[in-house]
Amino acid sequence: MIVFVYFIIIASLISYIDSKKRIIPDKIIFPALIGLVFLKFLDNSLSVNDAIAVGLVLAVFIIPVVLNMAFGGGDLRFGAFCALFVGLEQVGYFILFAGTLHLVLLSIVKKKSYAFAPAMSIAAIISYGLGKI
C-alpha cells in the first residue's frame, strides 16, 4: 500500500509540474526513482522483472525522443518510474494506455503537443489496478 501511495504523491506532483512548465525536473525524478526502488525492496516486491519492465518502456519511449517529437528525457525517466511501479506483467497495458490517454488529452486541449506525464500517471494507475483484479 505504501508503494501505491508514494506513486500517487510523486505522479501527482510531476504531472502538475509537467502540465504547467512542460518539464520534469531531475531533482524530483531521480530521488523519486531511488525512493521507489527502496520502498519496493522493503515491500519485498522488487524483482528482476521490474528492470525488464523499465527496459521495455525505455526502448519504446526512446522512439519519440529520437524522432524529436516533443518528448524529452524527463518523459523517459518518468516512464521508467511508472514502469518500475506497474511491473513487467502490466507494462504492456501501461504503454498502450499512456499513448491512448495522451491522444485523448491532446484532442481535449486542442493542441499539437501537451505534457505527457498526466497521461502516464493515469495509465500507470489503471494498469496497476488491472494487475490487482
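View 1. Helices here are DSSP runs of H or I with at least four residues, numbered from the N terminus, and an axis is a line fitted to the C-alpha atoms of a helix over the stretch in contact, with angles running from 0 to 180 degrees between N-to-C directions. In this predicted model, local features need pLDDT of at least 70, and side-chain atom pairs count only at pLDDT 80 or more, whereas totals for chains, interfaces and linings use all residues. Residues are numbered from 1 along each chain as its sequence is written, and side-chain values use heavy atoms, with hydrogens and water left out. The axes of helix 1 (residues 2–21) and helix 4 (residues 73–86) come within 11 Å and cross at roughly 160°, which means that helix 1 is roughly antiparallel to helix 4 (a term for angles over 145 degrees).

**View 2. Phe85 and its contacts.** Contact means heavy atoms within 4.5 Å, and, leaving aside residues up to four places away in sequence, Phe85 touches Val3, Phe4, Phe7, Leu36, Lys40, Ala124 and Tyr128.

View 3. Not counting residues up to four places away in sequence, His102 touches Tyr114, Ala115, Phe116 and Ala119.

Note on methods
Helix = DSSP H or I, 4+ residues; strand = E, 2+ residues; numbered from the N terminus. Parallel < 35°, antiparallel > 145°, perpendicular 65-115°, else oblique.
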